[in-house]
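User: I am new to reading protein structures, and I would like to learn how a few features are read. Could you take me through them one by one?

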Amino acid sequence: MSDRIKATVKRRQVREAIEQSLIRRRKRNRRFRMLGLGAVILGMLFLGIMFSSIISKGYSAFALTDIQLEIYFDPEVIDPQGGRNPDVLASAAYGKLVKAALRKEYPEVKKRKEKRKLYRLVSTGAIQQLRDLVLSDPAIIGSRKKLWLIADDDVDQYYKHGENQSRLKGQQLAWVAQLRAKDALKTSFNTNFFTAGDSREPELAGIRGAVVGSFFVIMITLGLSLPLGVAAAIYLEEFSPRNHWTDFVEININNLAAVPSIVFGLLGLAVYINFFELPRSAPLVGGLVLTLMTLPTIIIASRAALKSVPPSIREAALGMGASKMQMVFHHVLPLAMPGMLTGTIIGLAQALGETAPLLMIGMVAFIVDIPGSILDPATVLPVQIYLWADSPERAFTERTSAAILVLLAFLVLMNLVAIWLRRKFEKRW
Amino acid sequence: MFAVEIKTEQASPTQIDTLPERTLGKPLLDKKVSMHCREVDVFYGDKQAIFDVSLDIGKNEVLAMIGPSGCGKSTFLRCLNRMNDTINSCKITGSIRLDGEDIYDPKVDIELLRARVGMVFQKPNPFPKSVYENVAYGPRIHGLTRDKIELDEIVKNSLMRAGLWKEVKDRLDDVGTGLSGGQQQRLCIARAIAINPEVILMDEPCSALDPIATAIVEELIDELRQRYTIVIVTHSMQQAARVSQRTAYFHLGKLVEVDKTDRLFTNPSHGLTEAYITGRFG
Ligand SMILES: Nc1ncnc2c1ncn2[C@@H]1O[C@H](COP(=O)(O)OP(=O)(O)O)[C@@H](O)[C@H]1O
Ligand SMILES: [Mg+2]
């Protein structure tokens, strides 16, 4: 056989072998792609299930049931002296007005025990509503007015979800059915949920206190961990000599990022509260604890961002006679900023959702007042969720889901900001 | 093939596989010296990259450094403005003087040195800022101007001298990294000359450029020679021949031969030089 024929034969064999292997490769390719697609679909499915379950459980908390009653602003009850002194008006027994209105609505109810059941249809929040009305316009005293008052959570659940979901029984059901027939029940947007602090009464409970608490905590965390983390990252990445000591620091930072968050809570309890005697339950301490937790995340992300700045930019700056400091602050830092900010926001999002370490420092107390400063006792959104999830009332269950929705909305918002910042500051080189 | 071998034998007085004891040709100059380098050794950790190089760089000359890749051209070039200081493992012995002043003296300000010995890198590396900011950066950090008018003047002059003014005068606010490769490299040259250095080091400045951009930069180098001393590393013999007055040939970290460019290319003293310039390896 001549060389040329041999080469032709050989070439044909090679070709066949390649074709064979191509079939196998394509199959493997397809299998891998299906696997990946399956994983994505599965992930999206779980996400969808989670969201739809939370939304379906939580959306109803954004509506609140009101009862229409004709209230007689009885001068005898509100202000027997007739002085119209605001202090007197503020401390009047408005509950009596509601009770009188209910008795008038249901004259057939006579027994004490039954009356008490009747009174329970209207929320104690109605007292506040009436007080606000009178204080804003004392001329109302003496008049009769049809008013929408906040219903008790049991009525609320009955009206929104039906008999089975409510704790109303026997007579109460009949009374409420009567109200419903008269169109004296309606739902309105639940502003309480956004403007009120926590409460024992679900219909009066809101997330304002927890949101403000979370805001303080996150601001403190941001204010401390961003400058500290960025400074530490710049020092470690750009200025520190490479030796055993910095290796040791580096390993410890990486370990710190993996420490369970509750440990930071214990640390905060021991150091900030027991040693420095800072107040318990205060957003300041919460922020300090979460700073400890967030710092490693920010340092690691910032160092990665600094590392990713191409050496050619550094050389360009140094070659112009810039000092190391100028190189870092004029050129490296602006380019690393998007990465640093992204890392920071991810760290903060983590901190925003953190519960365990805050339980350790007492941010789990039942707090009605909305915190006014970083030293006031406060709670945060995830802890509020935890507290409500623990309550047996059906109304708290839906508020739990609604609070989760709010928390998720904040997290999504933060991630969007991170993406926006990255897009905005990203530069090509 | 046969013919080349005969020619090599005739032209090379020394053997191709032995390096010379001392650098051949004329590495040292008598007067008008900008940089003196004496017995320079460079180590990366334990590995020696430059062996005993002594070389003078004359004022207002273009000195080309050629040699196979990995022979230490960049390493030696980067010693001249202490860019190697940024590499931890890099150690340098011997002496390098700029206008008689030892640049490795601990008292020397490295920022001042780099302002006096500017550098243009292999890959164009403008800052991701505007064209104007790129050129204005040096004068700004060194405090060379008192007001915006002076700065504008410097920026304009530098861009003109780099032959870029006409192309970018309406786009001074555009980001420098958006220019074409050749324009970027000329922007880097403009940036370097904006602080009026004495020496400009160029490490294969045209290797990332197309032939037309290369020709423009080469022409520019020839013009810049009036004001600056230029040391250029190149892998193109033609480029060395076109732009330089003297050429240095490096091999495995040793400076084999330095001479007037036309002389080195027509009548090399060492077989290695001969082999390299005739394209037998590279
Ligand atoms: N940062 C470094 N660390 C260690 N060795 C290096 C480094 N830079 C260059 N070298 C080595 O030094 C020698 C010379 O490299 P270089 O100066 O870049 O050569 P050239 O520019 O002539 O191609 C090469 O052997 C290279 O591997
Ligand atoms: Mg090189």
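This is a predicted model: local features need pLDDT of at least 70, side-chain atom pairs count only at pLDDT 80 or more; totals for chains, interfaces and linings use all residues.

User: How many helices and strands does chain A have, and how spread out is it?

Analyst: Helices (H or I, at least four residues) and strands (E, at least two) are DSSP runs, numbered from the N terminus. Chain A has 18 helices and 3 strands. Its radius of gyration, taken over C-alpha atoms, is 32 Å, well over the 22 Å that the globule rule gives for 429 residues, so chain A is more spread out than a compact globule; the rule itself is 2.2 Å times the number of residues to the power 0.38. Along the principal axes, the C-alpha atoms of chain A fill a box of roughly 120 × 60 × 35 Å.

User: How much of chain A counts as buried, and how much of chain B?

Analyst: Buried means under 20% relative accessible area, exposed over 50%, and partly exposed in between, with a 1.4 Å probe and protein chains only. In chain A, 44% of the 429 residues count as buried, and in chain B the share is 54% of the 282 residues.

User: How far apart are the mean positions of the positive and negative charges in chain A?

Analyst: Lys and Arg count as positive and Asp and Glu as negative, while His and the chain ends are not counted; the place of a charge is taken as NZ of Lys, CZ of Arg, CG of Asp or CD of Glu. In chain A the mean positions of the 53 positive and 36 negative charges are 12 Å apart, and in chain B those of the 36 positive and 39 negative charges are 2 Å apart.

User: How many disulfides are there?

Analyst: A disulfide is a pair of cysteine sulfur atoms within 2.5 Å, and the count over all chains is 0. The sulfur of B:Cys37 is 8.4 Å from the closest cysteine sulfur, in B:Cys79, which is too far for a bond, and B:Cys37 is buried, with a relative accessible area of 0%. For B:Cys188 the closest cysteine sulfur is that of B:Cys206, 12 Å away and too far for a bond.

User: Which residues of helix 17 of chain A are buried, and what covers them?

Analyst: In helix 17 (residues 381-389) of chain A, the buried residues include A:Leu381, A:Ile385 and A:Trp388. An α-helix has 3.6 residues a turn, so residues three or four places apart point the same way. The cover of the buried residues of helix 17 of chain A includes helix 10 (208-239), helix 15 (324-352) and helix 18 (394-425) of chain A.

Technical notes:
Residues are numbered from 1 along each chain as its sequence is written. Chains are lettered from A and ligands numbered from 1 in the order in which they are written. Side-chain values use heavy atoms; hydrogens and water are left out. Contact means heavy atoms within 4.5 Å.
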